[in-house]
Every structure is written in C-alpha cells, then in structure tokens.
Amino acid sequence: MFGYIVLSSDAPKEDRKTYREAYCGLCHTLKNKYRKTGMLSLSYDMTFLSLLLSDIEDAPRIEGKERCFVHPIVEHKFFTTSVMDYTAPMQILLSHYALLDYNSDEKKEKKNRFLPFLPDIERDYKRQSDALKENLALIWGNEKKGEKDAYKNSLLFGEALGEIFVKDEQSHFAPDLRKMGCGMGRFIYLIDAWDDKKKDEKNNRYNPLPSDITENEIKTMLIDAAACATSAMEHMPLDDYVPLFENILYHGMWSRFKSEDRGNE
C-alpha cells in the first residue's frame with residue numbers, strides 16, 4: 001500500500017528538491033538504525049510524516065552529503081531531523097506488515113528481513129504497534145470471510161495509520177494528527193483496492209470493492225477520505241512546507257487514480 005503519498009509531476013522544482021532530500025534523509029536514518037535492511041523499507045509515506053511532524057515541532061534540519069549503494073558515483077544532498085528517529089521505526093513496522101500482506105496475497109514466502117527489529121519497536125511503540133497489528137488482523141479476517149465492505153476496512157486501516165501519525169499523545173495537535181492519518185489511511189486503502197480491482201477479478205482474488213462499483217462512487221469515497229485529511233491539516237501550525245503538503249493532498253495523492261475506461265493495471 002505504499003507509493004501514493006507523492007508530489008504531482010508538475011510540482012515546483014524547489015518542493016521536489018525538498019521532498020527528495022528528506023526522502024534521502026530518512027533513508028540515511030534507516031541505514032544508521034537498521035543497516036541495509038532499513039534502506040529497503042524506504043517509502044514516501046513516512047517521508048511525508050517526517051516533514052509534517054518536523055514542521056509542527058520546528059525541528060531543525062541537519063544537512064549532509066553522501067554516496068550510497070543506490071547512488072554510488074555522485075554525492076547527493078540530504079537532510080535529517082530529530083523526528084526521523086521516530087518515523088524510521090514506523091517505516092520498519094509498516095514494511096513488516098506490508099510484506100506479510102504481499103506474501104498472503106501473492107501466495108509467496110519472501111523472506112521477512114524486518115523481523116529482528118520488531119521486538120524492540122513493539123516494546124518502544126506499543127500503542128502504534130498494537131493498533132496496526134489489531135486492525136490489520138480485523139481487515140485480514142474480513143478478507144478471509146469474503147466480506148465486501150471497503151469502507152469498514154478502509155476505516156480500520158485509517159485508524160491504525162492515525163495512531164502512527166501521533167508521535168506524542170500529549171501533543172495539543174494529537175487529535176488533528178490522528179484525524180489526518182485516518183483520512184490518508186482510508187484514501188490509501190481505497191485507491192489501492194481500485195488500482196487492483198481488475199487484476200484481482202482476473203485472478204479470482206479478493207478485493208473489498210463490489211464488482212459493480214462505479215468510478216463516481218469510488219471517487220466520492222476518495223474525496224471524503226481526502227477531505228478528512230485536508231481539514232485536519234488546516235488546524236496545524238504549519239509554515240515550512242505548506243505548499244508541498246498541499247500539492248500532495250490536493251494533487252499528488254490523486255496522480256495514480258485510474259479511470260475505469262483506461263483500465264486498471
């Protein structure tokens with residue numbers, strides 16, 4: 001379910017540069033904490049959360065340059081913030097469950113390299129870990145029963161992501177962060193199901209969306225989920241990356257929405 005929290009292709013050059021450098025910064029943090037395995041978990045989803053929480057906390061940027069095995073020839077710029085010490089383990093946690101889901105869907109047994117890190121993460125971030133584990137278990141249970149209720153499943157995933165968005169429960173902005181994460185989680189679950197709909201039908205595989213759902217119906221569900229996220233953002237004290245956040249929420253997240261007449265690949 002990764003890959004939807006991206007900038008649109010026409011985003012300003014400066015915003016693309018900032019997002020790329022934050023992405024590399026999160027990769028740098030993952031490498032320091034979890035070695036190459038951590039780097040394999042990298043996604044733009046937790047890059048977004050890194051910038052969001054850094055903006056709210058006014059966390060200063062620590063800039064650097066390095067080569068890595070992805071870019072071994074030319075040094076590239078990156079920046080980290082203290083927030084990435086939180087979003088890095090959240091990335092590992094999400095990647096662990098994403099791999100479990102992939103193995104289940106595809107009937108494969110890809111090695112789970114994230115398992116050695118799970119005990120410490122589950123101990124240090126029990127609230128987030130329990131929410132993800134329990135809600136995904138409910139979603140997978142619904143899938144096994146063949147229950148076609150995309151809204152309920154999307155809400156379960158949204159509630160879990162909402163807990164991950166909340167780094168500090170004592171924060172004044174915890175309710176808004178939880179609401180924003182929930183909206184984005186619902187959106188991700190629904191658009192992922194829409195993306196996979198035709199492929200799942202072809203392979204006789206479970207999809208939470210009813211077979212006769214229309215493009216207008218799924219679009220209405222997606223708009224409602226996105227509106228939940230954007231309305232929450234308006235209550236946060238953001239100033240450093242507002243145009244970047246707005247581009248992602250209003251344009252970037254929609255860039256992979258495929259019309260049914262073009263087909264779902």
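Q: How many aromatic pairs does the structure hold?
A: Keep in mind that this is a predicted model. There are ten aromatic pairs in it.

Q: Are Phe48 and Phe165 buried or exposed?
A: Phe48 is buried, and Phe165 is too.

Q: What kind of pair do Tyr241 and Phe245 form?
A: Look at the angle between the planes: over 60 degrees counts as edge-to-face. For Tyr241 and Phe245 the angle is 75°, with 6.1 Å centre to centre, so the pair is edge-to-face. Both Tyr241 and Phe245 are buried. Ring pairs also link these two with Phe48 and Phe165 into a cluster.

Q: Which rings have the charged end of an arginine over them?
A: Phe79 is one of them: the charged end of Arg61 sits over its ring, 3.8 Å from the centre. Tyr4 is another, with the charged end of Arg256 4.3 Å from its ring centre.

Q: Where does Asp58 lie, and is it buried or exposed?
A: Asp58 is in the loop between α2 and β1 (62-66). Exposed means over 50% relative accessible area, so Asp58, at 54%, counts as exposed. Its phi is near 55°, a positive value in a residue other than glycine.

Q: What about the phi of Asn204?
A: Asn204 isn't a glycine, yet its phi is positive, about 55°. You'll find Asn204 in the loop between α7 (174-202) and α8 (215-233), and at 73% relative accessibility it counts as exposed.

Key. Residues are numbered from 1 along each chain as its sequence is written. This is a predicted model: local features need pLDDT of at least 70, side-chain atom pairs count only at pLDDT 80 or more; totals for chains, interfaces and linings use all residues. Side-chain values use heavy atoms; hydrogens and water are left out. Rings of Phe, Tyr and Trp (its six-membered ring) pair if their centres lie within 6.5 Å; planes under 30 degrees apart count as stacked, over 60 as edge-to-face and the rest as tilted. Buried means under 20% relative accessible area, exposed over 50%, partly exposed in between (1.4 Å probe, protein chains only). A charge sits over a ring if NZ of Lys or CZ of Arg is within 6 Å of the ring centre and within 35 degrees of the ring normal. Helices (H or I, at least four residues) and strands (E, at least two) are DSSP runs, numbered from the N terminus.
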